[in-house]
Amino acid sequence: MKYSLPILLILSNTLFSATNIGVIKQTTGIVKIKRLKKIITVVAEDKVYKNDIIITKNNSSICIILNNGKVITLGENSILPINKHLTHKKDSKNYFTLNI
């Protein structure tokens, strides 16, 4: 029983940790992120994680600096899922999916 707490802490950190893929450099207007079934309002210097969904409203924009050095800017009334294609490090090509 005395070992159960450390093991539980290690497992919870492993199971619930998210991959940080970048940081928000700037926002204007209302910008939200859907993360793990929660919607949060974000501001500059907040971190962005893999599987986040970026949502901008009217007259809003966001600039994100990815850990791989790429820059993402998103204009008003947009939705952008942060997935493996956006964070791909294999080469310098840009990968993204645009759904209109």
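1. Let's start with leucine 74, which sits in strand 7 (residues 71-74) of what is a predicted model. Leucine 74 has a relative accessible area of 15%, so it counts as buried. Beyond its neighbours within four places in sequence, leucine 74 is in contact with Ile54, Thr56, Ser60, Ser61, Ile62 and Leu80.

2. Not counting residues up to four places away in sequence, isoleucine 62 touches Ile24, Gln26, Thr27, Val31, Ile54, Thr56, Ile72, Thr73 and Leu74. Isoleucine 62 is also one of the residues that touch the most other members of the largest nonpolar core, along with Ile24, Val48, Ile54 and Ile64. That core has 14 residues. At least two residues of the core come from each of strand 1 (20-28), strand 2, strand 6 (61-66) and strand 7. Strand 6 gives the most, with 3 residues. As general background, nonpolar side chains in soluble globular proteins tend to be buried together.

3. On to charges. How many salt bridges does a search of the whole structure find? It finds 1. The partners are arginine 35 and aspartate 52, with their closest N and O atoms 2.7 Å apart. Arginine 35 belongs to strand 2 (residues 31-35), while aspartate 52 is in the loop between strand 4 (47-49) and strand 5 (53-56), so the pair ties together parts that are 17 residues apart in sequence. Are the two partners buried or exposed? Aspartate 52 is buried, because its relative accessibility is 1% and the cut-off is under 20%. Arginine 35 comes out at 21%, so it is partly exposed.

4. Serine 78 is worth a look for its side chain. Serine 78 lies in the loop between strand 7 and strand 8 (79-81). Which backbone oxygens does the side chain of serine 78 reach? One belongs to glycine 75, at 3.0 Å, and another to glutamate 76, at 3.1 Å. Leaving aside neighbours within four places in sequence, serine 78 is in contact with Ile54, Ile55 and Thr56. Note that serine 78 counts as buried because its relative accessible area is 19% and the cut-off is under 20%.

5. Threonine 28 is in strand 1 and is partly exposed, with a relative accessible area of 32%. Serine 60 is 32 residues from threonine 28 in sequence, yet their C-alpha atoms are 5.0 Å apart.

6. Now for some backbone angles. Most residues other than glycine have a negative phi. Which residues other than glycine have a positive phi here? Leucine 36 is one, with phi near 50°, and asparagine 59 is another, at about 50°. Leucine 36 is found in the loop between strand 2 and strand 3 (38-41), and asparagine 59 in the loop between strand 5 and strand 6. Both are exposed: the relative accessible area of leucine 36 is 75%, and asparagine 59 has a relative accessibility of 66%.

7. Zooming out, the protein has 1 helix and 8 strands, running α-β-β-β-β-β-β-β-β from the N terminus on. Of its 100 residues, 24% count as buried. The accessible surface comes to about 7600 Å², and 59% of that belongs to carbon and sulfur atoms. Among contacts between residues at least 6 apart in sequence, 44% join residues at least 24 apart.

8. Last, a word on confidence. The average pLDDT is 79, and 66% of the residues score at least 70. Where does pLDDT stay under 50? That happens over residues 8-16, and the model has 0 contacts beyond four places in sequence for them. Where pLDDT is low, the predicted coordinates should not be read in detail.

Conventions: Residues are numbered from 1 along each chain as its sequence is written. This is a predicted model: local features need pLDDT of at least 70, side-chain atom pairs count only at pLDDT 80 or more; totals for chains, interfaces and linings use all residues. Side-chain values use heavy atoms; hydrogens and water are left out. Helices (H or I, at least four residues) and strands (E, at least two) are DSSP runs, numbered from the N terminus. Buried means under 20% relative accessible area, exposed over 50%, partly exposed in between (1.4 Å probe, protein chains only). Contact means heavy atoms within 4.5 Å. A salt bridge is a side-chain nitrogen of Lys or Arg within 4 Å of a carboxyl oxygen of Asp or Glu. Accessible areas come from the Shrake-Rupley method with a 1.4 Å probe; for residues, only the protein chains shown count as cover. A polar contact is a pair of N or O atoms within 3.5 Å; within protein, one must be able to donate a hydrogen and the other to accept it, and residues adjacent in sequence count only if both atoms are side-chain atoms. A nonpolar core is a set of buried Ala, Val, Leu, Ile, Met, Phe, Trp, Tyr and Cys residues joined through side-chain atoms within 4.5 Å. pLDDT is the predictor's confidence in each residue, from 0 to 100.
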